[in-house]
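This briefing walks through one chain, starting with its surface and overall make-up and then turning to individual residues and pairs. Please keep the sequence and the structure in view while reading.

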Amino acid sequence: MIDKNGISILTFEIVDRVRENADKTISGFQKLNITPYLLSGDKERPVKCIASLLGFKDENVFFEVSPEGKRDIVKSSIKSIMVGDGVN
């Protein structure tokens, strides 16, 4: 954010780039009756933005999740596949 005399004159946010065809991958899972979840350590706003672009249901989107929290969510699932971006 850039401000002048305490008044915001410019605000911007950097969001990760979505991989090409990621939306098709998510919709492909959904067509197979596989429920995709988005688990991220990032803040709410960028995570919800990406989730919206990819077609995730709100109830399947989790933000500010620690690595341990991700592990616990994945372990609580009967069947799960975890796909990451490899950034950690």
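Accessible areas here come from the Shrake-Rupley method with a 1.4 Å probe. On that basis the chain exposes about 7,500 Å², and carbon and sulfur atoms supply 53% of that area. The model is a predicted one, and each value below is computed from it.

**Overall make-up**

- The secondary structure of the chain comes to 3 helices and 4 strands, and from the N terminus on these elements run in the order β-β-α-β-α-β-α.
- The chain has 88 residues, of which buried residues make up 19%.

**Salt bridges**

- The count of salt bridges comes to 2, where the cut-off is a side-chain nitrogen of Lys or Arg within 4 Å of a carboxyl oxygen of Asp or Glu.
- One of them joins the side chains of glutamate 44 and lysine 48, with a distance of 2.8 Å from N to O; both residues lie in helix 2, 4 residues apart, which is about one turn of the helix.
- Glutamate 44 has a relative accessible area of 34% and is therefore partly exposed, and lysine 48, with a relative accessible area of 41%, is partly exposed.
- A salt bridge also brings together the side chains of aspartate 72 and arginine 71, with 3.2 Å from N to O.
- Aspartate 72 counts as partly exposed because its relative accessibility is 41%, and arginine 71, at 41% relative accessibility, counts as partly exposed.

**The aromatic pair**

- A search of the whole structure finds 1 aromatic pair, formed by tyrosine 37 and phenylalanine 62, whose ring centres are 6.3 Å apart and whose planes stand at 25 degrees, so the pair is stacked.
- The cut-off behind that label is that planes under 30 degrees apart count as stacked.
- The pair links distant parts of the chain, since tyrosine 37 sits in the loop between helix 1 (22–31) and strand 3 while phenylalanine 62 belongs to strand 4, 25 residues apart.
- Tyrosine 37 counts as partly exposed, at 45% relative accessibility, and phenylalanine 62 is partly exposed, with a relative accessible area of 30%.

- When neighbours within four places in sequence are left aside, asparagine 60 is in contact with Thr35, Pro36, Tyr37 and Leu38; Tyr37 is a member of the stacked aromatic pair.
- Glycine 41 is found in the loop between strand 3 (38–39) and helix 2 (44–54), and its relative accessibility of 43% is why glycine 41 counts as partly exposed.
- Again leaving aside neighbours within four places in sequence, glycine 41 is in contact with Glu64, Val65 and Lys70.
- For glycine 41 and lysine 70, which are 29 residues apart along the chain, the C-alpha atoms are separated by 8.8 Å.

Notes: Residues are numbered from 1 along each chain as its sequence is written. This is a predicted model: local features need pLDDT of at least 70, side-chain atom pairs count only at pLDDT 80 or more; totals for chains, interfaces and linings use all residues. Side-chain values use heavy atoms; hydrogens and water are left out. Helices (H or I, at least four residues) and strands (E, at least two) are DSSP runs, numbered from the N terminus. Buried means under 20% relative accessible area, exposed over 50%, partly exposed in between (1.4 Å probe, protein chains only). Contact means heavy atoms within 4.5 Å. Rings of Phe, Tyr and Trp (its six-membered ring) pair if their centres lie within 6.5 Å; planes under 30 degrees apart count as stacked, over 60 as edge-to-face and the rest as tilted.
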